[in-house]
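Student: Hey, can you walk me through this one? I'd like to start with a helix and then look at some loop residues.
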Amino acid sequence: MSRLIYVLNGPNLNLLGKRQPEIYGSDTMADVEREVRKTAGELGLEVRYHQSNREYELIDWIHEAREIAGGILINSAAFTHTSVA
């Protein structure tokens, strides 16, 4: 089985640490990615890390991952209540 994991992040997560840090915290998307890669490395996993505000890009990455990855981790963010795909 592939040791490759796709980590996909949905809309507005690029604003982590910038948008209302008193509510959402001060960690940025780069901070989260750094932690994910660190943990993945400790587990012997490779990561492809993506974020998009465009639903079609997330869908394209899901289709890509199904051919080569061992798993997908998705934080779909606002798409959990507005997605039509």
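This is a predicted model: local features need pLDDT of at least 70, side-chain atom pairs count only at pLDDT 80 or more; totals for chains, interfaces and linings use all residues.
Student: How many residues does helix H3 have, and how far does it reach?
Tutor: H3 covers residues 55-68, which is 14 residues, and it reaches 21 Å from its first C-alpha to its last. That's close to the 20 Å expected at 1.5 Å a residue; the expected span is 1.5 Å times one less than the number of residues. Helices (H or I, at least four residues) and strands (E, at least two) are DSSP runs, numbered from the N terminus.
Student: Which residues of H3 are buried?
Tutor: Leu-58, Trp-61 and Ala-65. Buried means under 20% relative accessible area, exposed over 50%, and partly exposed in between (1.4 Å probe, protein chains only).
Student: Why do those count as being on the same side of H3?
Tutor: Because they cover an arc of only 60° around the axis, taking the directions from the helix axis to the C-beta atoms. On the other side of H3, Tyr-56, Arg-66 and Glu-67 are exposed.
Student: Switching to the loop between E1 and H1: what's the phi of Gln-20 there?
Tutor: Gln-20 has a positive phi of about 45°, although it isn't a glycine. Asn-12, in that loop between strand E1 (4-9) and helix H1 (21-24), has a positive phi of about 75° and isn't a glycine either.
Student: Why does Asn-12 count as partly exposed?
Tutor: Because its relative accessibility is 37%. Gln-20 counts as partly exposed too, at 34%.

Terms used
Residues are numbered from 1 along each chain as its sequence is written. Side-chain values use heavy atoms; hydrogens and water are left out.
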